[in-house]
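Please look over the sequence and the structure shown here before reading on.

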Amino acid sequence: GMASGRQVAKVLLERSPYVPWAAQRAAFAHPAFTGVVHPDLPIWAGETGPDAPPEPPPQLTLPRVARLSKTEVALMPDYHVQTISGARCYSLEDVHFKIKTAVEAGASTLLMVSGDGGGGGGGGAG
C-alpha cells in the first residue's frame with residue numbers, strides 16, 4: 001500500500017519544452033532529482049529557428065526521449081518518463097510506434113495522457 005515500508009519516492013523533474021536546455025542544465029545536474037519527465041510536444045525551445053529542420057507531420061514526430069542531445073543524456077538522471085499524448089496520436093499504429101520508439105530510446109516508464117486536444121488528432125487512437 002501507499003504507507004507500507006520506507007521506500008524512497010522518485011523525484012522527477014520535467015524537461016520544460018518552453019525553456020532552452022542551457023537554462024535547465026544546472027537543475028538536471030542536481031542530485032536531488034532521480035528522474036526526468038519528457039512531455040509529448042512537437043517543438044521545443046532551442047530546436048526552432050532558421051537552421052532547424054522543418055517539423056515533421058505530428059504522426060511522425062519522435063518522442064522527446066528519442067531526440068535527446070548528448071549533453072542532455074550526460075547530465076540527466078537515468079530514469080526517463082516519456083508522456084504520450086492521445087491528442088497527438090492519429091491511429092493505433094501511431095500509438096504503437098511512439099511506445100516502441102520511446103522504449104527503444106531508453107524510457108523507463110510511459111505515461112499516457114489525454115493531451116490538450118490541439119494536435120488535430122482528436123484522440124483518434126481511443
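Which residues are exposed on the other side of H3? They are Glu93, Lys100 and Glu104, where exposed stands for over 50% relative accessible area, buried for under 20%, and partly exposed for what lies in between (1.4 Å probe, protein chains only). The model is a predicted one, in which local features need pLDDT of at least 70 and side-chain atom pairs count only at pLDDT 80 or more, while totals for chains, interfaces and linings use all residues. Residues are numbered from 1 along each chain as its sequence is written, and side-chain values rest on heavy atoms, with hydrogens and water left out.

The buried residues of H3 are Asp94, Val95, Lys98, Thr101 and Ala102. Because they cover an arc of only 140° around the axis, they lie on the same side of H3, the arc being that of the directions from the helix axis to the C-beta atoms. These buried residues pack against strand E3 (79–85) and strand E4 (109–113).

Helix H3 comprises 13 residues (92–104), which at 1.5 Å a residue should span 18 Å, and the distance of 18 Å between its end C-alpha atoms agrees with this; the expected span is 1.5 Å times one less than the number of residues. After H3 comes Gly106, with a positive phi near 110°.

Turning to the whole protein, there are three helices and four strands, helices (H or I, at least four residues) and strands (E, at least two) being DSSP runs numbered from the N terminus. Along the sequence they follow the pattern β-α-β-α-β-α-β, and buried residues make up 29% of the 126 residues.

Terms used. Contact = heavy atoms within 4.5 Å.
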